[in-house]
Amino acid sequence: MVLFVSDAHMGEVVDPEETMGLKYNTEICLRRLEEIRNTTLRYLHLRQEAYPVRKITVVCLGDMFSGNIHDELVKTNDHPISECIPILTYAMYDMGLSFAKE
């Protein structure tokens, strides 16, 4: 099984007042990663009899961090990149650990 994860934009803050109600922040990012994990495990359990899975490969694509390549991101991110790295690392580690337990 292959799981593609991309565009987490860890650290980015989207203000609903500036985006017609859309909201995003680190808490939402972490909840979305948890939902990806839960959905993947549900899919695995539903298909296990027909398609036995012995290995899950998680492929991390681009834009996992909001970063600070634009001046406004430096001002609006809820964490600097140096804090985002361990937050996302632990979240992805927890995801991998839960897959390994299966």
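Modeller: Start with exposure: buried means under 20% relative accessible area, exposed means over 50%, and partly exposed lies in between. Keep in mind that the model is predicted.

Biologist: Why is Ser6 called partly exposed?

Modeller: Its relative accessibility is 33%. That value falls between 20% and 50%, so Ser6 counts as partly exposed.

Biologist: Where does Ser6 sit, and what does Ser6 contact beyond its neighbours within four places in sequence?

Modeller: Ser6 lies in the loop between strand 1 and helix 1. Beyond those neighbours, Ser6 is in contact with Leu61, Gly62 and Met64.

Biologist: What makes the link between the side chains of Ser6 and Asp7 a polar contact?

Modeller: The distance is 3.0 Å. The cut-off is 3.5 Å between N or O atoms, and residues adjacent in sequence count only if both atoms are side-chain atoms. Here the contact joins the two side chains, Ser6 and Asp7, so the pair qualifies.

Biologist: Now Thr26. Why is Thr26 called buried?

Modeller: Thr26 has a relative accessible area of 7%. The limit is under 20%, so Thr26 is buried. Thr26 belongs to helix 1. Not counting residues up to four places away in sequence, Thr26 touches Met10, Gly11, Glu12, Asp78, His79 and Ile87.

Biologist: Which other residues of helix 1 are buried, and what covers them?

Modeller: Besides Thr26, the buried residues are Ile28, Cys29, Leu33, Thr40, Leu41 and Leu44. The cover includes strand 1 (2-5) and helix 3.

Biologist: How do you know that the span of helix 1 is close to the expected one?

Modeller: Helix 1 has 22 residues. The expected span is 1.5 Å times one less than that number, which gives 32 Å for helix 1. From first C-alpha to last, helix 1 reaches 32 Å. At its start, a side-chain oxygen of Asn25 comes to within 3.1 Å of the backbone nitrogen of Glu27.

Biologist: What lines the largest pocket?

Modeller: Leu44, His45, Gln48, Val53, Arg54, Lys55, Ile56, Phe99, Ala100 and Glu102. Helix 1 (26-47) and helix 3 (81-101) are the elements that give two or more residues to this lining. The pocket volume is about 160 Å³.

Biologist: How many of the lining residues are nonpolar, polar and charged?

Modeller: Five are nonpolar, two polar and three charged. Asp, Glu, Lys and Arg count as charged, so Arg54, Lys55 and Glu102 make up the charged group.

Notes. Residues numbered from 1 in each chain as written. Predicted model: local features only at pLDDT ≥ 70, side-chain atom pairs only at ≥ 80, totals over all residues. Heavy atoms only, no water. 1 Å grid on protein atoms, 1.4 Å probe; cavity = no way out; pocket = protein on both sides within 12 Å on 5 of 7 lines; lining within 4 Å. Points joined across faces, edges and corners; volume = space filled by probe spheres on them. Helix = DSSP H or I, 4+ residues; strand = E, 2+ residues; numbered from the N terminus. Buried < 20%, exposed > 50% of the residue type's maximum accessible area, 1.4 Å probe, protein only. Contact = heavy atoms within 4.5 Å. Polar contact = N/O pair within 3.5 Å; in protein donor to acceptor, adjacent residues only side chain to side chain.
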